[in-house]
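Hi,

Here is the structure I promised to pass on. Have a look around first, then read my notes below.

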Amino acid sequence: MKILVCISNVPDTTTKVKFIDDFKKMDVTGVQWIINPWDELSLTRALELKDNPATGIRSVTVVHVGLVGSEPTIRKALAIGADDAIRINTVPADAYFVAAQLANVLKSESYDLILCGIESSDFNGSSVGGMLAEFLELPSVSSVSGVNVENGQVIMTREIDGGKEILNVPTPVVAIVQKGITKEPRIAAMRGIMMARTKPLKVVEPIAVEALTDSVNYELPKPRAACKFIDCENPRQLIELLQNEAKII
Amino acid sequence: MSVLIFVENWDGKFKKLSFELVSYGAKLAEMLDTEVVVLSIGNVDNNELEKLGKYGASRIISAVNTDINVFDSQAYTGIIAGFAKKEAAGVVVLSNNNTGKAIAPRLSVILHAGLGAGVSKLPVSTDPFIIYKKVYSGNAFNNLVIRTDIKILTLSQNSFELIETENRAVITNAVVDWHSSSVKTRIVEVQKQSGKILLTDADVVVSGGRGMKSPDNWGPLVELAEHLGAATACSRPVSDEGWRPHEEHTGQTGKIIAPNLYFAIGISGATQHLAGVSSSKFIVAINTDKDAPIFSAAQYGIVGDAIKILPKLVEAVKELKGK
């Protein structure tokens, strides 16, 4: 069985978000780039599955849509343990554009299980996984909080309102992954970092696709009113304020 | 042209978020000078369907197919796409919940329709069609143009006010040509947590962090939640330690919620946690550290020991509810 993990390159979550060019672009000076957290969890789970010889997983490939500046992030994925990587050489215009590029490369490959993080921490679109599945005409399961491979069968846990479903899904399939898939993201060991330099990183050129959406500009949140402090000796006053001032209880 | 709204049902019943969707869709249809059509899939009584009319639906299509017993993304998307084409939908609106997230992207490809995911208000303009959504995990907002003839929007829960009307909707039944045999996914088991208020549906949430010191201290927190009719939640370290169930973890990689009132008790307010709760209408913070980042996000705060303060809050709420 072959697993593919789609990864996007995002600013570290503690980045102070700022804009330039009349609020049209994010200011990327000094930004630390990381693998999108949900994609990192997906990759970790894929590697855990591969580590277990009973699953029959032969390889874990990562794929990314982005320019050469993303390569350190892709090498990080290889350092954590992915076997090889593919980079589609273009700016990721919007989710539809990215999914179309991925589908074009993947349609001639045969991955049994494709993992996508449910959203990226920069655009929060929750789109690429589902779009990719539709382009490839594959089944997809969303809100996946667990993936197992037992006796050649793929068993997924899907989060539903107030509970979970355990599903037996046919392959090939796209799993759109959220928290719960694994406990902690895997960290690259020294050996992994060294091996990452020589693992295959194939660069492919994009196809012509039109994005369906376009960013106009960005805004920063309006500053909230300062916090009103209540004396810790008189917490009952908080309840009074919530009732009479905020009128929320 | 029409605005088509897909409303999910839970064992034949709708929730507040269903009515939020209809209210939103009705206002959007007004902006576009077109009609609003609501699509329900599954077995829902007319009594329940009529409630949608109250929130502005002029026509309700109830797609009945007793064969559907597993939520399959491909099947649902196919059904909705069929109705979107039949009703010449210019905009399709779904919730930004788990179901909506599973359907909307697939639908976007089938209909060649640009997707605006997680909107919390009506479009900024309709020509060009510009929507406003949160990005960078809530640290910024984006004005996004959707260029296609057909648009798909997913609406964030608890972000749009319910608007009641005198409307009475026309309900028509439709049978969908979809067979369970075409779905290859099999449900092995369903695990349900009974009784508790769903965290994503709760208007009030009481949440605890590492500042609570030990799982043994949770009693008064749970009591406070009970008296407020609130759901309980926790920060990531607390769920990682196993002090509280994973389902309670709110934060960037946990649940993203937008209640009317969020109590952050013994929670420092790390960026990743705030990403999960920043859309709350009111945040109350209790923390021993006056410099904790949570106080920059909170409207009300108490600097002090939660363990001492919680029982006093419980008493105050009991009195309030007793009146």
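**A helix on the inside**

The buried residues of α4(A) are Val128(A), Gly129(A), Gly130(A), Met131(A), Leu132(A), Ala133(A) and Glu134(A). Before you go further, keep in mind that this is a predicted model. With 7 of its 8 residues buried, α4(A) is largely enclosed by the rest of the structure. What covers those buried residues? The cover includes β1, α3, β8 (113–117), β9 and β12 (173–177) of chain A, together with α4 (98–111) of chain B. Just past the end of α4(A), look for Glu137(A), which takes a positive phi of about 55°.

One of the covering elements, α3(A), is worth a look of its own. The helices α3(A) and α4(A) pack with their axes 9 Å apart, at an angle of about 45°. The two are therefore oblique to each other, and α3(A) passes α4(A) in a right-handed crossing. On the α3(A) side you'll find Ala95(A), Tyr96(A), Val98(A), Ala99(A), Ala100(A), Leu102(A) and Ala103(A), and these meet Val128(A), Met131(A), Leu132(A) and Phe135(A) in α4(A). Sorted by class, that contact has 11 nonpolar residues, no polar ones and no charged ones. If you're wondering about the spacing of the names, an α-helix has 3.6 residues a turn, so residues three or four places apart point the same way.

Next, the strands. There's an open sheet of 10 strands with mixed pairing, in the order β13(A)-β7(A)-β6(A)-β1(A)-β8(A)-β12(A)-β9(A)-β10(A)-β11(A)-β11(B). Its edge strands are β13 (201–204) of chain A and β11 (186–192) of chain B, each of which pairs on one side only. From one strand to the next, the twist averages 30°.

How do β11(A) and β11(B) pair, parallel or antiparallel? They pair in the antiparallel sense, over 6 bridges. To find the spot on screen, pick Leu167(A), which stands opposite Ile187(B) in β11(B).

**Where the chains touch**

The contact between the chains takes in 64 residues of chain A and 69 residues of chain B. On the chain A side, the elements that give two or more residues are α1 (37–51), α4 (128–135), β9 (140–150), β10 (153–160), β11 (163–169), β14 (213–219), β15 (228–229) and α6 of chain A. By class, the residues on that side divide into 32 nonpolar, 20 polar and 12 charged.

One of those elements, α6(A), meets a helix of the other chain. The axes of α6 (residues 236–244) of chain A and α9 (residues 306–322) of chain B come within 8 Å and cross at roughly 45°. These two helices are therefore oblique to each other, and α6(A) passes α9(B) in a right-handed crossing. From α6(A), the contact uses Arg236(A), Leu238(A), Ile239(A) and Gln243(A), while α9(B) brings Lys312(B), Leu313(B), Ala316(B), Val317(B) and Leu320(B). That contact divides into 6 nonpolar residues, 1 polar and 2 charged.

**A covered strand in chain B**

Last stop: strand β9 (residues 151–155) of chain B. Is β9(B) mostly covered or mostly open? It is mostly covered, with 5 of its 5 residues buried. In a regular strand the side chains alternate between the two faces of the sheet. Here both faces are covered: Lys151(B), Leu153(B) and Leu155(B) are buried on one side, and Ile152(B) and Thr154(B) on the other.

As for neighbours, β4 (residues 89–95) of chain B runs parallel to β9(B) and is joined to it by 5 bridges, with Ser95(B) partnered by Leu155(B). Strand β5 (residues 114–119) of chain B also pairs with β9(B) in the parallel sense, over 5 bridges, and Gly114(B) has Lys151(B) as its bridge partner.

Happy exploring!

How values were computed
Residues numbered from 1 in each chain as written. Chains lettered and ligands numbered in written order. Predicted model: local features only at pLDDT ≥ 70, side-chain atom pairs only at ≥ 80, totals over all residues. Axes fitted to C-alpha atoms, helices over the stretch in contact; angles between N-to-C directions. Helix = DSSP H or I, 4+ residues; strand = E, 2+ residues; numbered from the N terminus. Parallel < 35°, antiparallel > 145°, perpendicular 65-115°, else oblique. Left-handed = near helix turned anticlockwise from the far one by under 90°. Contact = placed C-beta atoms within 7 Å. Nonpolar A, V, L, I, M, F, W, Y, C, P; charged D, E, K, R; others polar. Buried ≥ 20, exposed ≤ 12 C-beta atoms within 10 Å, placed from the backbone. Pairing = 2+ DSSP bridges.
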